[in-house]
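Subject: Structure handover and findings

Hello,

Please find the structure below. My notes on it follow.

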Amino acid sequence: MIFSGLDPLFLGDAGTFEMLLIVLLKVLVAFALLLVSVMLYIWWMRKFISAMQNRIGPSRAGPFGILQTLADGIKLFFKEDLIPSKSDKFVFKLAPFFSLVPALLVFCVVPVAGDFSSGGDGTVTWFGNETFVQVADPHVGILFVLAMSSIAVYGIMLAGWSSGSKYPLLGSVRASAQMVSYEAALGLALIAVLLKSGTLSTHDIALQQNGGITDWGLVVTGFVPFIIFFIATTAELNSPPFDLVEAEQELVGGFHTEYSSIRFALFFMAEFMNVITMSAVMVTLFFGGPSGYYPSFGPAWLWGLLWFVGKVFIFVSVFVWMRGTLPRPRYDQLMDLGWKLLIPLALGWVLLIAALDIFDDRGFGSGPAQILIAAICVVAILAFGALLMIAILKGQKKREQEGEEVFG
Amino acid sequence: MSILNFFKGFAVTFGKLNHASKSGKVVTTEYPEEKRSKPARLHGRHVLNKYEDGMEKCIGCELCASVCPANCIYVRGADNDLENPTSPGERFGFIYEINYLRCIHCDLCVEACPTQAITETKLFEFSFMDREQAIYTKDELVVADDGKPQNLPWEDWRQGEDEHTSEWMRATSPSGSADFVGLVQWAGELGYGTRKPESSQGPNNSSETAPELSPEEEVH
């Protein structure tokens, strides 16, 4: 019975009626909380970004303008829903949901709370049943996140294609190219974490990091995978500075140019929901999830929840900070960054971590052998980096020469 | 190093979060609650002025209507009742209508008026629910008994905004000639007396220097 309680997908046992209720409750609460947090995030984004731009931001609807998103949502619901006559109507209507549903699903596998104090097992006991504070903990865990974020590309691609219009199509072509390229870097950065944790389950990954900051994925994998993951996530989310998909100055609105009313709102809801869920995924992978300092009083799951929300909040704010600071790169710069820097770096780092792990297994884990291995690795990385730089510079020079021949 | 310059941008935006600092100063005006001060010669809606004795200045000559590029003014003059005249002289404007859906606030009517009867206030914050309301008649345009513009319920007047309604008149001489700079070329006005010329156009200032506008009136 305990096993089925821990497994909300009922892979082993059908469980009792109580468990079914708990699962239903979790689904409902997760859905509602995610929607509310999107609302709050949009408000916070607008407030924070206007504070960085000498403005005051929304201030009319509710205290501090906190209900502004709600007002916008209601307005969008009542606006006219235009469907272009040249569009593929079925796909046009379907596309927003392709965006929104994956955004909702990704959050299901993120451990939100629970006893993640040092030595805790990450469970809570509700109504006499031991369970996780996450909607589902499938064995494929983090692969599910990758799969869902790939499906989200379909939403954008189909939206642009079915609009029957030039700019949305250009936007969606950009989107698919960008997301496919950065998916590779994202996956490779993820492998570094998986090599260290040895499991795909998000719950177990979070649980392994509850021993303090030195146990966090960030430190264990050596910072670089996190940086790659962070940049790739920003590109994957089409969040500024990588919002070439909807670059207003070039593509009107990008893939959602032809959308109006609530369908338009769904795209934006999905986009901002993705920012939250990907922040949550990053917190889970690199920042110990709900782990942290747990005071001795109060329920443990509450402290876990506070730690988790706090960490996600910091990430989300960093995304807004980037939005307010960085200018958009050119499209070739974006592709260069992805293919020539992030993917090789992520690949190299995976090899390094794998090599160190193997040496560790063979008993070279301590003493002078370790220093020697580290030195060899540093030399290898430097040589690798130098070769890469040469390749990049040569390529750049060649392109400039070609450009001179054509235009000069 | 270029990569460090990249991060300098983050410091700039973060520094702006401190609203007490010079670069982080909030520039937003919370509009309906507070208003920015308006330029002294802003062109708003019109008023029909009166003399100090309460007589209307308009003589119904229709010059304003003929000069109006938007054709938004409709005037009809009529003979004054000899026993109980509305304006000094033979005739007065007995119909005076301005359609604010057409008016472009160019102030040509003000320039054309031989008696300075029509001037513009600095009020532009008014709205209508239908087209009929957009046509202001004499009932709305003529100044009140204290010489100030009427504060109509659909207009957003604030404390002090109905002052200086004929600022333009005082700013330039009526004929536009530099010979008249500093000379009072206009009649007294109900509630204000005879308005003085602006200081920058007074006789003490040399006409070589560029004329300065009077400092913006603080209107809140």
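Which residue is the bridge partner of Tyr74(B) in β3(B)? The partner is Glu97(B).

Before the rest, the ground rules. This is a predicted model, in which local features need pLDDT of at least 70, side-chain atom pairs count only at pLDDT 80 or more, and totals for chains, interfaces and linings use all residues. Residues are numbered from 1 along each chain as its sequence is written, chains are lettered from A and ligands numbered from 1 in the order in which they are written, and side-chain values use heavy atoms, with hydrogens and water left out.

**Chain B overall**

Chain B has 6 helices and 5 strands. Helices (H or I, at least four residues) and strands (E, at least two) are DSSP runs, numbered from the N terminus. Along the sequence the pattern is α-β-α-β-β-α-β-α-β-α-α. The chain has 220 residues, and 39% of them count as buried. Buried means under 20% relative accessible area, exposed means over 50%, and partly exposed is in between (1.4 Å probe, protein chains only). Chain B exposes about 12700 Å², with carbon and sulfur atoms supplying 54% of that. Areas come from the Shrake-Rupley method with a 1.4 Å probe; for residues, only the protein chains shown count as cover. Take the contacts in chain B between residues at least 6 apart in sequence: 69% of them join residues at least 24 apart. A contact is heavy atoms within 4.5 Å.

**The sheet in chain B**

Three strands form an open sheet in the order β2-β3-β5, with antiparallel pairing. Strands β2 and β5 of chain B are the edges, each pairing on one side only. Two strands pair if DSSP finds at least two bridges between them. Strand β2 (residues 73–79) runs antiparallel to β3 (residues 91–99) in chain B, and 7 bridges join them. β3(B) also pairs with β5 (residues 135–136) of chain B, antiparallel, over 2 bridges. There, Ile98(B) stands opposite Tyr136(B) in β5(B).

Another pair to look at is Asp79(B) and Arg91(B), which are bridge partners, Arg91(B) being in β3(B). They also form a salt bridge, with the closest N and O atoms 3.3 Å apart. Asp79(B) lies in β2 and Arg91(B) in β3 of chain B, so the pair ties together parts that are 12 residues apart in sequence. A salt bridge is a side-chain nitrogen of Lys or Arg within 4 Å of a carboxyl oxygen of Asp or Glu. Asp79(B) counts as exposed at 54% relative accessibility. Arg91(B) is partly exposed at 35%.

**Other salt bridges**

The whole structure has 19 salt bridges over all chains. One joins Asp156(B) to Arg158(B), with closest N and O atoms 3.1 Å apart. Shared partners link Lys35(B), Lys38(B), Glu125(B), Asp156(B) and Arg158(B) into one salt-bridge network. Asp156(B) is partly exposed, at 23% relative accessible area. Arg158(B) is partly exposed too, at 21%.

In chain A, Asp72(A) meets Arg46(A) in a salt bridge (3.2 Å, N to O). Asp72(A) is in helix α3 and Arg46(A) in helix α2 of chain A, so the pair ties together parts 26 residues apart in sequence. Asp72(A) is partly exposed at 24%. Arg46(A) is partly exposed at 32%.

**Helix α3 of chain A**

What are the buried residues of α3(A)? They are Gln68(A), Thr69(A) and Leu76(A). These cover an arc of only 95° around the axis, which puts them on the same side of α3(A). The arc is that of the directions from the helix axis to the C-beta atoms. The buried residues pack against α2 (17–51) and α11 (261–286) of chain A. The face turned away from the buried side carries the exposed residues Phe77(A) and Phe78(A).

Phe77(A) sits in α3 (residues 68–78) of chain A. At 56% relative accessibility, Phe77(A) counts as exposed. Leu67(A), Leu70(A), Ile74(A), Phe77(A) and Phe78(A) make a nonpolar surface patch of about 560 Å². Patches are made of residues with over 30% relative accessible area and no salt bridge; like charges are joined within 9 Å, nonpolar side chains (Val, Leu, Ile, Met, Phe, Trp, Tyr) within 5 Å.

Best regards
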